[in-house]
Amino acid sequence: MNKILEVSHIKVCYQAVNGEVEAIRDVSFSVSEGEFISIVGPSGCGKSTLLSAVAGVTPVSEGKILLSGREVSEVSDDIAYMLQKDNLLPWRSIRKNVLLGLEIRGMITEENLSYADNLLKAYGLWEFRDKYPSQLSGGMRQRAALIRTLAVRPKVLLLDEAFSALDYQTRLAVTDDVYKILKKEKQTALIVTHDIPESISMSDRVIVLSKRPAVIRNIYTTEFDIPDRSPLLCRDHAAFGEYFNQIWKELDVHVS
Amino acid sequence: MYHNEISKERKIYLKKERRNKIAVTLCRVFFIVAFIAVWEIGGHLGFIDTFVLSQPSRILGVFADFKENQLLLHIGTTLFETAVGFLLGVVIGCFLAVLLWWSPFLSKVSEPYLVILNSLPKIALGPVIIIWAGAGTRAIIFMALAISMIVTVLEMLNGFNNTDKELIRMLETFKANRLQIFTKIVLPYNIETLFNSLKINIGLSLVGVIAGEFLVSKAGLGYLIVYGGQVFKMDLVMASVLILAAAAAILYEVIVITQKLALKYINHR
């Protein structure tokens with residue numbers, strides 16, 4: 001498969017009041033088209049900083065990031081973000097919320113509108129298009145937020161702790177739902193999470209980072225011989241526990 | 001679970017709630033009726049000095065002679081000055097708030113000045129305003145503007161700065177510029193703040209207008225109050241105060257109703 005994203009030997013530093021902080025040191029990995037990659041690591045290790053660097057929001061001090069062969073130096077139109085909360089605007093209908101990204105990027109065309117409408121139809125939100133976010137369940141809202149990001153047709157989708165604001169049961173259902181949608185749309189995705197089971201069940205590979213400054217401790221390829229793989233089915237698989245134990249050991253988390 | 005049939009407990013609860021509501025209304029009516037009755041009877045019996053405190057029936061007399069007292073002219077003048085001062089205060093105040101939100105640097109620079117201007121009793125500027133704007137309607141409107149504008153700036157700026165950061169971040173992930181962030185998120189997010197500011201401002205504009213009319217005017221409710229006080233026509237003073245109270249309440253209600261309609265239309269939170 002084609003490599004869509006290449007991160008090579010990047011170092012990210014940021015300036016704080018007390019001095020310079022090295023957040024990421026010599027991190028390299030690549031992502032193929034349609035691949036789903038998770039990044040896990042201890043709290044505050046620089047997972048979100050890594051995502052910001054890939055998005056072009058945070059500049060890298062050393063190394064480079066290539067998106068479709070082009071170096072990322074500013075916020076790219078080819079990348080879209082999904083954040084912790086759905087952040088649907090309460091004063092806009094679901095359809096208008098879904099079209100927000102297209103509006104902002106000046107991409108309102110007949111073709112894009114019908115693409116967004118088709119996404120709404122495909123993922124069961126068409127009947128709710130004129131409803132407002134407060135009239136939808138948490139899972140449906142998250143789905144609407146996902147469609148909003150997919151509507152701008154990003155080459156890479158970044159999910160920054162996208163499900164951590166949900167309660168556990170909704171979270172299991174929503175991750176399953178989001179995974180199926182992303183796989184169906186052949187969407188390349190990079191997810192940052194502190195939830196090890198979520199990372200194993202959702203992704204093709206799991207990148208484990210160390211404490212700050214973050215370096216890659218290991219990259220696990222998660223293979224489950226399940227015909228129609230989904231996060232919920234993965235959690236039932238025998239290999240799941242094995243992956244969990246390995247990553248948990250790798251993270252080396254202690255209560256201090 | 002909701003049932004069509006109302007349970008016994010529910011009936012008791014609803015009855016209690018209704019009784020409580022009626023009791024509150026009755027008490028309110030009772031206090032105002034008792035107050036007016038004691039005032040009126042006290043005036044007749046002589047234990048209330050009607051020369052100093054006037055009397056409800058004499059105040060009614062002022063209303064009855066509204067043509068002779070030129071009440072409509074005075075009410076119209078005060079309302080006109082209030083409306084102009086209020087609208088100018090809101091428009092200029094909102095514009096400055098947007099400017100300060102737009103430039104955090106400017107906002108930081110102006111912060112101490114705004115705090116001082118907000119704490120300063122604007123009535124102290126009365127003589128200065130008269131010299132600047134002339135002894136007339138302009139000075140009165142200027143006074144109303146001075147009182148209401150700073151509050152609008154501070155209230156709106158505070159609202160703008162407290163807009164949900166996550167919503168702004170979401171928009172930034174789509175590469176939104178400052179104008180888009182303002183029009184798509186900050187402004188609609190602060191519609192309620194705007195109406196709260198309007199509610200405060202309408203009262204403050206009236207304060208500014210009356211204070212201005214006290215200092216310099218030939219017409220208006222403030223003028224009527226000062227004039228009535230100077231010639232010991234307490235009936236006129238009391239009638240003017242009553243009209244002022246009614247005008248303030250009506251103007252406030254107009255904003256409350258507009259807010260309800262506006263929020264119903266644009267806000268589905």
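I began with A:Glu161, which sits in the loop between strand E7 (156–160) and helix H6 (168–184) of chain A. I keep in mind throughout that this is a predicted model. I noted that A:Glu161 has a positive phi of about 45° although it is not a glycine. I wrote beside this that most residues other than glycine have a negative phi. Is A:Glu161 buried or exposed? I found it buried, because its relative accessible area is 12% and the cut-off for buried is under 20%.

I then looked up A:Asp26, where phi is again positive, near 50°, in a residue other than glycine.

**The hairpin of E9 and E10 in chain A**

I next followed strand E9 (residues 205–209) of chain A into strand E10 (residues 216–221) of chain A, and found that the two pair in the antiparallel sense over 5 bridges. They form a hairpin, with 6 residues between them. Which residue of E10(A) is the bridge partner of A:Val208? I noted A:Asn218 as that partner.

The loop between E9 and E10 of chain A holds A:Pro213, and there I checked the peptide bond from A:Arg212 to A:Pro213, which is cis, with omega near -5°. I set this against the general rule that most peptide bonds are trans.

**Two buried residues of chain A**

I turned to A:Cys13, which has its place in strand E1 (residues 3–16) of chain A and is buried, with a relative accessible area of 16%. Leaving aside neighbours within four places in sequence, I listed its contacts as A:Glu20, A:Val21, A:Glu22, A:Ala23 and A:Ser61. I also looked up the separation of A:Cys13 from A:Ile79, and recorded 66 residues in sequence and 22 Å in space, C-alpha to C-alpha.

For A:Thr149, in helix H5 (residues 138–150) of chain A, I noted a relative accessibility of 1%, so A:Thr149 counts as buried. What does A:Thr149 touch, not counting residues up to four places away in sequence? I found A:Ala80, A:Tyr81, A:Pro154 and A:Leu157 in chain A, together with B:Phe174 from chain B.

In chain B I looked at helix H6 (residues 126–133), whose buried residues are B:Gly126, B:Ile129 and B:Ala133. Seen down the axis of H6(B), these buried residues fall within an arc of 60°, so I recorded them as lining one face of the helix. After H6(B) comes B:Gly134, for which I noted a positive phi, near 90°.

My last entry concerns the surface, where B:Val29, B:Ile32, B:Val33, B:Phe35 and B:Ile36 form a nonpolar patch with about 450 Å² of accessible area together. I looked up one of these residues, B:Ile32, and found its place in helix H1 (residues 8–45) of chain B.

Key
Residues numbered from 1 in each chain as written. Chains lettered and ligands numbered in written order. Predicted model: local features only at pLDDT ≥ 70, side-chain atom pairs only at ≥ 80, totals over all residues. Heavy atoms only, no water. Buried < 20%, exposed > 50% of the residue type's maximum accessible area, 1.4 Å probe, protein only. Helix = DSSP H or I, 4+ residues; strand = E, 2+ residues; numbered from the N terminus. Arc of directions from axis to C-beta. Patch = residues over 30% accessible without salt bridge, like charges linked within 9 Å, V, L, I, M, F, W, Y side chains within 5 Å. Areas by Shrake-Rupley, 256 points an atom, 1.4 Å probe, with all protein chains shown as cover. Salt bridge = Lys/Arg side-chain N within 4 Å of Asp/Glu carboxyl O. Contact = heavy atoms within 4.5 Å. Pairing = 2+ DSSP bridges.
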